[in-house]
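Here's a quick tour of a model you can follow on screen. Have the sequence and the 3D view open side by side.

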Amino acid sequence: MAYEKFEVLKSTGVPLPIENVDTDQIIPARFLKATEREGFGDNLFRDWRYHPDDTPKKDFVLNNPIYGGKILVGGKNFGSGSSREHAAWAVYDYGFRCVVSSFFADIFKNNCLNIGVLPVQVSPEFLHKIFTAIEADPKTEIVVDLPEQTITLTATGEKENFDINDYKKQNMLNGFDDIDYLLNIKEDIREFAKNAPL
């Protein structure tokens, strides 16, 4: 399933300065019955967003109208716990295109890259600067430049580089998942198969 190409994202950020956010907190297990990727955003952080009677918890950041944007800024060790793909689906379906943290669980990180959510790992010091900037001004803009692999706080001009696997980077730039990538090189595959020794 192809997704929107990711090149340069300029957006405000939603701060979630909580460490060890696991996949069951991102999308509770009771919402994993569906197999399509749509609809999971409604239940992103469900138990943190809503009371048992489904009324919103006013003190949770996603229910606070002063925060918004396509960048979720999380604490250290974001996406730990079980390997459910639905956690990445929920993040994407809610509208986030990038998650920033000082450390990601590997499986969650790869699940994000497979569906068009860019996980940007920064130093603890730079993460603190981002949280401080958003706290000072919720409208502060963050620029995530995938070609250059940089993340910048526009208010101060401070930036940091981030790492990404080159294959995943090219897929993100083209809006490809793994199947799209293979379809894109199918003629090369055919040519190789034709010339390969039996």
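Does A88 count as buried or exposed? At 1% relative accessibility, A88 counts as buried (buried is under 20% relative accessible area, exposed over 50%, partly exposed in between, with a 1.4 Å probe and protein chains only).

## Before you dig in

This is a predicted model, where local features need pLDDT of at least 70, side-chain atom pairs count only at pLDDT 80 or more, and totals for chains, interfaces and linings use all residues. Residues are numbered from 1 along each chain as its sequence is written, and side-chain values use heavy atoms, with hydrogens and water left out.

A88 sits in helix 3 (helices are DSSP runs of H or I with at least four residues, strands are E runs of at least two, and numbering starts at the N terminus). Leaving aside residues up to four places away in sequence, A88 touches F108, N111, C112, I115 and V117 (contact means heavy atoms within 4.5 Å). Take I115: it is 27 residues from A88 in sequence, yet their C-alpha atoms are 7.7 Å apart.

Now zoom out to the pair of helices. Helix 3 (residues 86–94) and helix 4 (residues 106–115) pack at about 50°, and their axes are 8 Å apart (axes are lines fitted to C-alpha atoms, for helices over the stretch in contact, and angles run from 0 to 180 degrees between N-to-C directions). Helix 3 and helix 4 are therefore oblique to each other (under 35 degrees is roughly parallel, over 145 roughly antiparallel, 65 to 115 roughly perpendicular, and the rest oblique). On the helix 3 side, A87, A88, W89, V91 and Y92 make the contact; helix 4 brings F108, N111, C112 and I115.

## Helix 5 has two sides

Which residues of helix 5 are buried? They are F126, L127, I130, F131, A133 and I134. These cover an arc of only 160° around the axis, which puts them on the same side of helix 5 (the arc is that of the directions from the helix axis to the C-beta atoms). Over on the other side, P124, E125, H128, E135 and A136 are exposed.

The buried residues of helix 5 pack against several strands, including strand 2 (13–16), strand 3 (71–74) and strand 4 (98–101).

## A loop residue to check

S102 belongs to the loop between strand 4 and helix 4. At 12% relative accessibility, S102 counts as buried too. Beyond four places in sequence, S102 touches K76, Q121, V122, S123, P124 and L127.
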